[in-house]
Amino acid sequence: MKKMVIYDPAMCCSTGVCGPSVDKNLLRVSTAINRLSKNNVEVIRHNLKEEPQLYAENDKVSKLLNEEGVDVLPITMVDDEVVKTREYPTNDEFVEFLDIPKEYIMSGLAVQKMKKNKENK
């Protein structure tokens, strides 16, 4: 199974889904990662505020930060290769980058609906 690691910018908490105004994209990413986890797909997230040493220790991440600054974050890596910078993966990109079935990232209701549609065809 492929290994995904996301190097987040500095955030107030591990998911960034906190405070009075929640970023909808961070909520989507957090939800996607929770669904992947339920399907035994691990996505590791690092927060610059909480784990700055990990950013310095990874040569590729450190190089990108030195060349492009913190605006390059988030950095998404799969199997130690950078696959995306400056934005979080879309749900379709999670599927593509991790080479997993689309159902892994869908809500339970959406999966049931998809299966029902297949049965009716």
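This is a chat about the fold and some local details of a predicted model.

Student: Before we start, what kind of model is this, and how are residues numbered?
Tutor: The model is predicted, so local features need pLDDT of at least 70 and side-chain atom pairs count only at pLDDT 80 or more, while totals for chains, interfaces and linings use all residues. Residues are numbered from 1 along each chain as its sequence is written, and side-chain values use heavy atoms, with hydrogens and water left out.

Student: Okay, the sheet. What order do the strands come in?
Tutor: The order is β2-β1-β3-β4, in an open sheet of four strands with mixed pairing. At the edges are β2 and β4 (81-85), each pairing on one side only. From one strand to the next, the twist averages 20°. Strands here are DSSP runs (E, at least two residues), as are helices (H or I, at least four), numbered from the N terminus. Two strands pair if DSSP finds at least two bridges between them.

Student: How many bridges join β1 to β2? And to β3?
Tutor: Five bridges join β1 to β2 (residues 43-47), and those two run parallel. With β3 (residues 75-78) there are four bridges, and the pairing is antiparallel. Take Val 5: its bridge partner in β2 is Ile 44, and in β3 it is Met 77.

Student: Is β1 buried or exposed?
Tutor: Buried: five of the five residues of β1 (residues 4-8) are, so the strand is largely enclosed by the rest of the structure. Buried means under 20% relative accessible area, exposed means over 50%, and partly exposed is in between (1.4 Å probe, protein chains only).

Student: Which residues sit on which side of β1?
Tutor: Met 4, Ile 6 and Asp 8 are on one side, with Val 5 and Tyr 7 on the other. Both faces are covered.

Student: Which helices touch the sheet?
Tutor: Helix α4 (residues 91-98) lies across β1, β2, β3 and β4, and runs at about 135° to β1. The angles run from 0 to 180 degrees between N-to-C directions, with axes fitted to C-alpha atoms, for helices over the stretch in contact. Contact means heavy atoms within 4.5 Å.

Student: Switching to α3. Which of its residues are buried?
Tutor: In α3 (residues 59-68), Val 61, Ser 62, Leu 64 and Leu 65 are buried. They cover an arc of only 165° around the axis, which puts them on the same side of α3. That arc is taken from the directions from the helix axis to the C-beta atoms.

Student: What do those buried residues pack against? And what's on the other side?
Tutor: The buried residues of α3 pack against β1, α2 (52-57), β3 and β4. On the other side of α3, Asp 59, Lys 63, Asn 66 and Glu 67 are exposed.

Student: What happens at the start of α3, and what follows the helix?
Tutor: At the start, a side-chain oxygen of Asn 58 reaches to within 3.0 Å of the backbone nitrogen of Lys 60. After α3 comes Gly 69, with a positive phi near 75°.

Student: Which aromatic rings pair up?
Tutor: The count comes to one aromatic pair. Tyr 7 and Tyr 55 are edge-to-face, 5.1 Å centre to centre with 80° between the planes. Tyr 7 is in β1 and Tyr 55 in α2, so the pair ties together parts that are 48 residues apart in sequence. The rule takes rings of Phe, Tyr and Trp (its six-membered ring) with centres within 6.5 Å; planes under 30 degrees apart are stacked, over 60 edge-to-face, and the rest tilted.

Student: Which residue has a positive phi although it is not a glycine?
Tutor: Asn 40 is one of them, with a phi of about 60°. Asn 40 lies in the loop between α1 and β2, and at 66% relative accessibility counts as exposed. Asp 99 also has a positive phi, about 55°, and lies in the loop between α4 and α5 (108-119). Asp 99 is exposed, with a relative accessible area of 63%.

Note on methods:
A polar contact is a pair of N or O atoms within 3.5 Å; within protein, one must be able to donate a hydrogen and the other to accept it, and residues adjacent in sequence count only if both atoms are side-chain atoms.
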